[in-house]
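Me: I am new to this structure and would like to learn how to read its features one by one. Could you give me the general idea each time, and then the case at hand?

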Amino acid sequence: MLNEWKNMSNLKNDRFIRALLRQPVDTTPIWMMRQAGRYLPEYRATRQDAGDFLSLCKNADFACEVTLQPLRRYDLDAAILFSDILVVPQAMNIEVLMKENVGPFLPNPIRTAQDVEQVIVPDIQETLGYVMEAIKITKEMLNNEVPLIGFAGSPWTIFCYAVEGQGSKSFDKAKGFCFSQPEAAHVLLQKITDTTIAYLLEKVKAGVDAVQIFDSWGGMLS
């Protein structure tokens, strides 16, 4: 499938894709996980225009602009679509806030089987269509210069935030939920998994050239 994609590709710089295919490259492709973000003054200006972080994620034009900003400064081999892993639980009927000097904050964390029942596997186009719109705009603006990467959080990482309610060094509440309510934990993990798969498939359909999973809290597991 990747080889078929490669044969159809008209990217001007396909070094990143060739590396994924384990094909020879002239040099190691360069991209950064935090490529589009707060280290750039132009990002901070765009975020101020958007009003807040989640509004920035949900505005396709702003998300495109922030995605492209690093490429105007540096000779990078890929663009990474600006978004956040927590747009997925937000689409699943889990409230997500971004608090200044705190970071992600979920005011109603999942703590019971009844809470899990309220979590939905959403229609991706209906709830996350703004991401797909950002992909289409960004692909047009990139004009085949470099590939575009899309991403999502791993089901376990999303689970940690959904149950803990915020970031943590140990995610004791999330781990405790797995031990005390294993059936509910498995149901929640499956809902997140199904949503994540559907989300990434829609990203591919919208035009991303590669997708990546961020398993930020995988180290919590034995």
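Me: Let us start with Phe159: is this residue buried or exposed?
Reply: Burial is judged by relative accessible area, where buried means under 20%, exposed over 50% and partly exposed in between, using a 1.4 Å probe and protein chains only. Phe159, with a relative accessible area of 0%, is buried, and Phe177 counts as buried too, at 4% relative accessibility. Please keep in mind that this is a predicted model, in which local features need pLDDT of at least 70 and side-chain atom pairs count only at pLDDT 80 or more, while totals for chains, interfaces and linings use all residues. Residues are numbered from 1 along each chain as its sequence is written, and side-chain values use heavy atoms, with hydrogens and water left out.

Me: How many aromatic pairs does a search of the whole structure find, and why is the pair of Phe159 and Phe177 called tilted?
Reply: Rings of Phe, Tyr and Trp (its six-membered ring) pair if their centres lie within 6.5 Å, and planes under 30 degrees apart count as stacked, over 60 as edge-to-face and the rest as tilted. Searching the whole structure gives nine aromatic pairs. In the pair of Phe159 and Phe177, the ring centres are 6.0 Å apart and the planes meet at 45 degrees, so this pair is tilted. Because Phe159 belongs to helix H9 (residues 155–164) and Phe177 to helix H10 (residues 172–180), the pair ties together parts that are 18 residues apart in sequence. Helices (H or I, at least four residues) and strands (E, at least two) are DSSP runs, numbered from the N terminus. Elsewhere, ring pairs join Tyr43, Phe53 and Phe82 into a cluster.

Me: Which ring has the charged end of Lys99 over it?
Reply: A charge sits over a ring if NZ of Lys or CZ of Arg is within 6 Å of the ring centre and within 35 degrees of the ring normal. The charged end of Lys99 is placed over the ring of Phe105, 4.1 Å from its centre, and Lys203 lies over the face of Phe151, at 5.0 Å from the ring centre.

Me: What span should helix H11 have, and which of its residues are buried?
Reply: The expected span of a helix is 1.5 Å times one less than its number of residues. Helix H11 has 25 residues (182–206) and should therefore span 36 Å, which agrees with the 36 Å between its end C-alpha atoms. The buried residues of H11 include Ala184, Leu188, Lys191, Ile192, Tyr199 and Lys203. Among these, Ile192 counts as buried at 1% relative accessibility, and the C-alpha atom of Ile192 is separated by 7.7 Å from that of Pro89, although the two residues are 103 residues apart along the chain. After H11 comes Gly207, with a positive phi near 130 degrees.

Me: Where is Asn93 found, and where is the place of Asn144?
Reply: Asn93 is not a glycine, yet it has a positive phi of about 80 degrees; it is found in the loop between helix H6 (87–91) and strand S2, and at 52% relative accessibility it counts as exposed. Asn144, which is likewise not a glycine, has a positive phi of about 65 degrees. The place of Asn144 is in the loop between helix H8 (124–142) and strand S4 (148–153), and with 25% relative accessibility Asn144 counts as partly exposed.
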